[in-house]
Amino acid sequence: MTTAHINAKKGDIAETILLPGDPLRAKFIAETYLEDVVQFNDVRNAFGYTGTYKGKRISVMGTGMGAPSIGIYSYELIHFFGVKNLIRVGSCGAYNKDLELYDIILGMGACTNSRYDHQYELPGTYSAIASWDLLYKAKKIAEEKHIDVKVGNILTSDIFYNANPDAYKKWANMGVLAVEMEAYALYCNAAAAGVNALTILTVSDSLVTKLETTSKERETGFTKMMEIALELA
Ligand code: HPA
């Protein structure tokens with residue numbers, strides 16, 4: 001089953017997949033953490049791999065940036081390749097003043113300024129939420145590993161360079177912890193198909209303090225988040 005964007009056969013992809021935005025992070029995760037790795041995709045350099053972690057089959061694939069991009073890949077993974085658990089592992093910009101670089105967030109819900117949910121023609125606003133099972137398991141794994149995580153609301157934004165640098169404050173005032181660009185679309189696709197999704201984020205920069213990590217650090221520096229995500233296999 002080759003789709004427009006994934007050149008793989010049904011069965012090549014595990015039921016549980018980790019989804020970093022950066023395809024090179026997918027490669028790094030596969031090379032660093034998985035055994036018996038087979039690459040299943042290279043279309044558009046959206047590298048995808050399947051291997052095992054502690055004996056359990058798991059896949060990892062780069063989604064690209066933004067709701068449209070993760071919308072395409074997650075839809076095809078769910079509907080054409082039978083993926084049941086989609087775990088985004090990404091970076092985010094902190095909106096909350098108490099968050100520091102490398103803090104970890106479990107995205108319980110996602111707000112958005114995108115129009116992704118308009119396709120469902122709902123008579124209102126859709127609240128995109130994580131799968132309770134995955135969220136609960138991730139929190140428990142974090143506790144067992146003594147990794148501190150914040151659980152809460154995030155914003156999936158279509159805009160990285162906002163014309164109004166203070167726009168984030170309105171979301172922050174509503175308790176939104178951080179901004180990224182994919183969770184809302186992932187949660188919508190999972191909900192519409194009746195499968196599970198979770199977003200785990202590491203703070204890579206802060207809109208409040210203006211501190212930021214380098215792209216090299218982003219590729220390799222997110223070990224704690226990976227330890228939680230891999231245990232969900
Ligand atoms: N904005 C949007 N997405 C992000 C950011 C940000 O500041 N940092 C990491 N992902």
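1. Ser74 counts as buried, because its relative accessibility is 0% and the cut-off for buried is under 20%. This is a predicted model. The residue sits in helix H2, which covers residues 67-81.

2. What does Ser74 touch beyond its neighbours within four places in sequence? Leaving those neighbours aside, Ser74 is in contact with Leu86, Leu186 and Asn189.

3. Now the ligand. Its shell includes Ser91, Cys92 and Gly93. Phe160, Val179, Glu180 and Met181 also surround the ligand. So do Ser204, Asp205 and Leu207. By class, the shell holds five nonpolar residues, three polar and two charged.

4. Which strands supply at least two residues each of this shell? They are S5 (85-94), S9 (178-180) and S10 (196-206). Strand S5 gives the largest share, with three residues.

5. Look next at the nitrogen atoms of the ligand. A polar side-chain atom of Asp205 lies 2.8 Å from a ligand nitrogen. Backbone atoms take part as well. For Gly93, a backbone N or O atom is 3.3 Å from a nitrogen atom of the ligand. For Ser91, a backbone N or O atom is 3.5 Å from a ligand nitrogen.

6. How much of the ligand's area does the protein bury? The ligand taken alone exposes 260 Å². The protein buries 90% of that area.

Notes
Residues numbered from 1 in each chain as written. Predicted model: local features only at pLDDT ≥ 70, side-chain atom pairs only at ≥ 80, totals over all residues. Heavy atoms only, no water. Near = heavy atom within 4 Å. Polar contact = N/O pair within 3.5 Å; in protein donor to acceptor, adjacent residues only side chain to side chain. Areas by Shrake-Rupley, 256 points an atom, 1.4 Å probe, with all protein chains shown as cover. Helix = DSSP H or I, 4+ residues; strand = E, 2+ residues; numbered from the N terminus. Nonpolar A, V, L, I, M, F, W, Y, C, P; charged D, E, K, R; others polar. Buried < 20%, exposed > 50% of the residue type's maximum accessible area, 1.4 Å probe, protein only. Contact = heavy atoms within 4.5 Å.
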